[in-house]
Amino acid sequence: MGIEVRPATAERFDDVATVLGPKNPDSSVCWCLSHRVDSRTNRELVGPARREYVRELTARPVAPGVLAYDGDEVVGWAAVAPRAELPFQRSRLIPHVDDLPVWSLWCVRVRPGHRGQGVAHALVRGAVDHAAAHGAPAVEGYPADSGDRRVDTTMAYVGTRRLFEAAGFTKAADTDATAGGFPRVLMRRSLG
């Protein structure tokens, strides 16, 4: 399968909207903002304001994530950014294992009809490459530790421990967070 991963830049905003935008444009959900912004900002960004916030993110010098393509069709998204810019920096549930300025990879979304084809694996690798290209010393993820059990699709965006292990991540710590009834673990991949 020839999945190509590219930064989610302003030129690709329509593709970002295809993957992240809700069916109802007035809805105040998704757009991958619940872990990118503090809870107050997340509540204040309603309807179309969420879309515009993400549009502004894609116009920054460093893209807010990566997109996966199968040919010309966008098939997935992964959010990755410096942890210092995210609520994870202050999380009581996700620990810090050291003081490195790591990047966080917290959302992996594959469009329906493209799941089970390796897109999530390509997205994780692409997100790591994106972080490395911008000087990240390491990338962390906070996936569900579900073993061989399936994670419900609504909570699968955090990824699974096995997905991160396949991309060269190792468990760095337990967390107090859960996803879909499974404990989340802190997985890390050093880039130095």
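Modeller: Helix α4 is followed by G135, a residue with a positive phi, near 85 degrees. Helices here are DSSP runs of H or I with at least four residues, strands are runs of E with at least two, and both are numbered from the N terminus. The model is a predicted one, in which local features need pLDDT of at least 70 and side-chain atom pairs count only at pLDDT 80 or more, while totals for chains, interfaces and linings use all residues. Residues are numbered from 1 along each chain as its sequence is written, and side-chain values use heavy atoms, with hydrogens and water left out.

Helix α4 itself covers residues 119–133, which makes 15 residues. From its first C-alpha to its last it reaches 21 Å, close to the 21 Å expected at 1.5 Å a residue; the expected span is 1.5 Å times one less than the number of residues. The buried residues of α4 are V119, A120, A122, L123, V124, G126, A127, V128, H130 and A131. Buried stands for under 20% relative accessible area, exposed for over 50%, and partly exposed for the range in between, with a 1.4 Å probe and protein chains only.

A179 has F182, in β7, as its bridge partner.

Strand β7 also contains R188. This arginine is buried, with a relative accessible area of 9%, and its side chain meets that of D98 in a salt bridge of 2.7 Å, N to O. The pair links distant parts of the chain, with R188 in strand β7 (residues 182–190) and D98 in the loop between β3 and β4, 90 residues apart. A salt bridge places a side-chain nitrogen of Lys or Arg within 4 Å of a carboxyl oxygen of Asp or Glu. D98 is partly exposed, at 28% relative accessible area.

A second salt bridge joins E140 to R83, with 3.4 Å between the closest N and O atoms. E140 lies in strand β5 (residues 138–141) and R83 in the loop between β3 (73–82) and β4 (103–110), so this pair ties together parts that are 57 residues apart in sequence. Both partners are buried: E140 has 0% relative accessibility, and R83 has 4%.

A further salt bridge brings the side chains of D174 and K171 together at 2.6 Å, N to O. D174 counts as exposed at 52% relative accessibility, whereas K171 is partly exposed at 37%. Salt bridges that share partners join R83, D98, E140 and R188 into one network. The count of salt bridges comes to 11.

The cysteines can be treated briefly. The structure holds 0 disulfides, a disulfide being a pair of cysteine sulfur atoms within 2.5 Å. C30 is in no disulfide, and the nearest cysteine sulfur, that of C32, is 6.5 Å away. C30 is partly exposed, at 36% relative accessibility. The sulfur of C107 lies 3.5 Å from the closest cysteine sulfur, in C32, which is too far for a bond. C107 is buried, with a relative accessible area of 7%.

One further site is E52, placed in helix α3 (residues 48–58). This glutamate is partly exposed, with a relative accessible area of 35%. A polar contact of 3.2 Å joins its side chain to that of R55; such a contact is a pair of N or O atoms within 3.5 Å, in which, within protein, one must be able to donate a hydrogen and the other to accept it, and residues adjacent in sequence count only if both atoms are side-chain atoms. E52 and A173 are 121 residues apart in sequence and 36 Å apart in space, C-alpha to C-alpha.

Technical notes. Pairing = 2+ DSSP bridges.
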